[in-house]
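Here is a short note for a colleague opening this structure. Please keep the model in view while reading the points below.

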Amino acid sequence: MKTKSTILRFLNNIEIDSDHRYTSWENCYEAFQKNNNRETLSIHLAFYLASWGMYRGSSGLLQKNHKVHNGAVDIILDYKHLQCSSSFEISRNNIKDLNGLIKELEKYYGSILFTRNYKNYKINPTITLITKVIMGTLGCLPAFDRYFLHGVKQEDYCFINLSEFCLEHLFHFVENIEYNEICECQNLLNEKREMFYPKMKIVDMYFWQRGYDDISDKYQKNN
């Protein structure tokens, strides 16, 4: 793996533009580190999700204001013990609690109604939405979006969903296979950004960038 060079490509966007959308993760993550105000945290979560594509036209979230996340914030605060920090990193010993968090967020978002064209629908609690919420607030799970999953499949790893089998492999990857490289990148980012970046965020950035680069290259070759 060319972990460091890939992470630096991701970081380059922030260094060129200090207000780049990528910094929305930093703002949201730090807010959940320092604040317990439900209204404030819901606003941070909504803007972060919007920055990362979760408010597109087909999304039920687009039809709601930031308060749609109030219940999710309450759930996240109940699982604050999973929040990664300089003194704590999530491990495979936390998989049971992580599964509990995932299920509660799925149930919450899946119960929310929104209106489009005078018809009522329920928000779809996709793996992308749930993992983006967890990444932006607790930093203890990568966001399983299109680019991340493409990057994972490129390198023939099997953590492509939220089954216990896949989560076990994800933690094995972090704690054994690429531990040293992840730690090196973590130290680099902590120095450059002057804030703590959890190991799962490093994993998220690496595979997202790998997936983005490959999809972009293929698009350019075909057009």
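1. Start with one side of helix α5. The face of α5 turned away from its buried side carries K96, K103 and K107, which are exposed. Exposed means over 50% relative accessible area, buried under 20%, and partly exposed in between (1.4 Å probe, protein chains only). Helices (H or I, at least four residues) and strands (E, at least two) are DSSP runs, numbered from the N terminus.

2. A word on the source. This is a predicted model: local features need pLDDT of at least 70, side-chain atom pairs count only at pLDDT 80 or more, and totals for chains, interfaces and linings use all residues. Residues are numbered from 1 along each chain as its sequence is written, and side-chain values use heavy atoms, with hydrogens and water left out.

3. Now the other side of α5. Its buried residues are I95, L98, N99, L101, I102, L105 and Y109. They cover an arc of only 160 degrees around the axis, so they sit on the same side of α5. The arc is that of the directions from the helix axis to the C-beta atoms. These buried residues pack against α3, α4, α6 and α8 (164–177). Contact here means heavy atoms within 4.5 Å.

4. The length of α5 checks out. The helix covers residues 95–110, 16 residues in total, and should span 22 Å at 1.5 Å a residue. Its end C-alpha atoms are 22 Å apart, which agrees. The expected span is 1.5 Å times one less than the number of residues.

5. Helix α2 is next. It runs over residues 23–34, which makes 12 residues. From first C-alpha to last it reaches 17 Å, close to the 16 Å expected. Its buried residues are T23, S24, W25, E26, C28, Y29, A31 and F32. Which helices do the buried residues of α2 pack against? They pack against α1 (3–16), α3 (38–51), α4 (70–78), α6 (127–137), α9 (179–193) and α10 (199–221).

6. Salt bridges come next. The whole structure has 12 of them. A salt bridge is a side-chain nitrogen of Lys or Arg within 4 Å of a carboxyl oxygen of Asp or Glu. R92, E168 and E175 are linked in a network of such bridges.

7. E15 and K192 meet through their side chains at 3.5 Å, N to O. E15 lies in helix α1 and K192 in helix α9, so the pair ties together parts that are 177 residues apart in sequence. E15 is partly exposed, at 46% relative accessible area. K192 is partly exposed too, at 40%.

8. Helix α10 holds two pairs. K201 and D204 form a salt bridge at 3.5 Å, N to O. They are three residues apart, about one helical turn. K201 is buried at 3%, and D204 is buried at 7%. K218 and D214 form another salt bridge, with the closest N and O atoms 3.1 Å apart. These two are four residues apart, again about one helical turn. K218 is partly exposed at 44%, whereas D214 is buried at 16%. An α-helix has 3.6 residues a turn, so residues three or four places apart point the same way.

9. Finally, look at Q209. This residue is in helix α10. Is Q209 buried or exposed? Q209 is buried, at 4% relative accessibility. Its C-alpha atom is 7.5 Å from that of I7, although Q209 and I7 are 202 residues apart along the chain. Leaving aside neighbours within four places in sequence, Q209 is in contact with T6, R9 and F10.
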